[in-house]
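Dear colleague,

Please find below the structure that I am handing over to you, together with its sequence. My notes on what was found follow directly after it.

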Amino acid sequence: MNMTKILLLGCGLVGRTIAKNLARNYKVTVVDINHKNLEAVGNSPNIDTIVLDVSNGNNLLSIIEHYDFVVSAVPGFLGYKVLKSVIEAKKNVVDISFFAEDALALDALAKSNNVAAVVDCGVAPGLSNIIVGYNSKKMDITNCKIYVGGLPFERRLPFEYKAPFSPTDVLEEYTRPARYKREGKIIESEPLTEVEHVDFKGIGTLEAFLTDGLRTLLHTINIPNIEEKTLRYPGYAEKIRFLKNCGFLDNSYVQIPSGRCRPLELTASLLLPKWELSPEEPEFTAMRIILECKSDNKTIRKQYDLFDVYDKDNKDTSMGRTTGFTACAVANLLAENKIKEKGILPPECLGFSQNNFEFILNYLKERNVQINIIEN
């Protein structure tokens, strides 16, 4: 076993997959505020656990010096604050937390602390960025569409959805404007709009709607037309729009007879038992990336399809596998000193290197996360 010591922050459904996978080759210490989460990995070899509230920067600083680098899998509402603390502690980091803030605002801090911080390092954003980044060095992409989503196989009304991570993170995504590019211009629209239907073999028809998932891809690669859409079972977007229009996703306090509350927090609390993914519940992750470029007055089209399902043998969710294994692959690159750049590193920058790209895709393939490529 490599004696590199990794500190993993967060032990949810994705975090525990990361912990088990990294522990095959490294010494891993997992931190979570909830001791029940830690029980899922507490008996695994090469894993230590610590119950700690990492939202308190002093708590994090008290332990972080003992580790070589950090993997952050905390909920989105904690992500930016925790990432800043890790950078200030001068530790390299792989971050999968999907926070609302702009990670690039920490670039100068990361560089001044000689830190490599790979952000948005999940499946999408993350693996999708890496694929787009790699192809952007091979061809001038004129159009890019990314479709991605994780869903349970069992469909239960009214939402036909289960969340493999915090419902608050899911709902907050629907409160932020969806940004995309059309003819080279960044456009902001309401999320949950421009609904279309996409067919996936073995699943059937899913609906896709705009969300704000492109993030750094809007700025790092010059693609005139690029958008990302979230996949759900048909009818989902209309139901969430209804909640939103009624004010249930508002994040400002409202006065009620018993005091004050934030509607978003209340909604998330009510949906948690309905959206909670049960242990060993079969679910899947689907992603499709369609790339187009012009060459000799012809349109060349390249399509990447990923379809992954719950691993019942290892009890790993598909979202945990696709998100977690991508982060683990990048963590291995860090551990082997193959990432030389410093600062905030969007995942597409890793895809610019063919060696990194091939390593990450092979890492996923070895763990049976299959990506099919169609060119025409």
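Predicted model: local features only at pLDDT ≥ 70, side-chain atom pairs only at ≥ 80, totals over all residues.

Lys 27 is found in strand E2, which covers residues 27–32; helices (H or I, at least four residues) and strands (E, at least two) are DSSP runs, numbered from the N terminus. With a relative accessible area of 23%, Lys 27 is partly exposed, where buried means under 20% relative accessible area, exposed over 50%, and partly exposed in between (1.4 Å probe, protein chains only).

Residues are numbered from 1 along each chain as its sequence is written, and side-chain values use heavy atoms, with hydrogens and water left out.

Overall architecture

The protein has 13 helices and 18 strands. Its radius of gyration is 20 Å, close to the 21 Å that the globule rule gives for 376 residues, so the protein is as compact as a globular protein of that length. That radius is taken over C-alpha atoms, and the rule is 2.2 Å times the number of residues to the power 0.38. Along the principal axes, the C-alpha atoms fill a box of roughly 60 × 55 × 45 Å.

Of the 376 residues, 56% are buried. Among contacts (heavy atoms within 4.5 Å) with a separation of 6 or more, 65% are between residues 24 or more positions apart. The accessible surface comes to about 16900 Å², and carbon and sulfur atoms account for 48% of this surface; the areas come from the Shrake-Rupley method with a 1.4 Å probe, and for residues only the protein chains shown count as cover.

As to charge, there are 45 positive and 48 negative side chains, and the centres of the two sets lie 2 Å apart. Lys and Arg count as positive and Asp and Glu as negative, while His and the chain ends are not counted. The place of a charge is taken as NZ of Lys, CZ of Arg, CG of Asp or CD of Glu.

Nonpolar cores

In soluble globular proteins, nonpolar side chains tend to be buried together. A nonpolar core here is a set of buried Ala, Val, Leu, Ile, Met, Phe, Trp, Tyr and Cys residues joined through side-chain atoms within 4.5 Å. The largest such core has 68 residues, and those with the most contacts inside it are Ile 18, Leu 22, Val 30, Val 71, Leu 127 and Val 132. Helix H11 (residues 318–335) supplies the largest share of this core, nine residues. Apart from it lies another core, of 28 residues, which includes Leu 171, Ala 208, Tyr 236 and Ala 237.

Val 30 has a list of contacts that, not counting residues up to four places away in sequence, includes Leu 8, Cys 11, Leu 38, Val 41 and Ile 50.

Helix H6

Helix H6 is mostly covered, with 10 of its 10 residues buried; among them are Leu 127, Val 132 and Asn 135. Asn 135 has a relative accessible area of 0%. Leaving aside neighbours within four places in sequence, Asn 135 is in contact with Ile 141, Leu 291, Lys 302 and Tyr 304.

Backbone details to check

A cis peptide bond runs from Ala 124 to Pro 125, with omega near 5 degrees. Pro 125 is placed in the loop between strand E6 (116–118) and helix H6 (127–136). Leu 157 and Pro 158 are also joined by a cis peptide bond, with omega of about 10 degrees, and Pro 158 lies in the loop between strand E7 (141–152) and helix H7 (167–173).

Lys 90 is not a glycine, yet has a positive phi of about 65 degrees. This residue is in the loop between helix H4 (76–88) and strand E5 (92–95) and is exposed, at 57% relative accessible area. Asn 337 likewise has a positive phi, near 60 degrees; Asn 337 lies in the loop between H11 and strand E17 (343–345) and counts as partly exposed, at 48% relative accessibility.

Finally, Glu 39 belongs to the loop between helix H2 (35–38) and strand E3 (47–51) and counts as exposed, at 54% relative accessibility. Glu 39 and Leu 78 are 39 residues apart in sequence and 22 Å apart in space, C-alpha to C-alpha.

With kind regards
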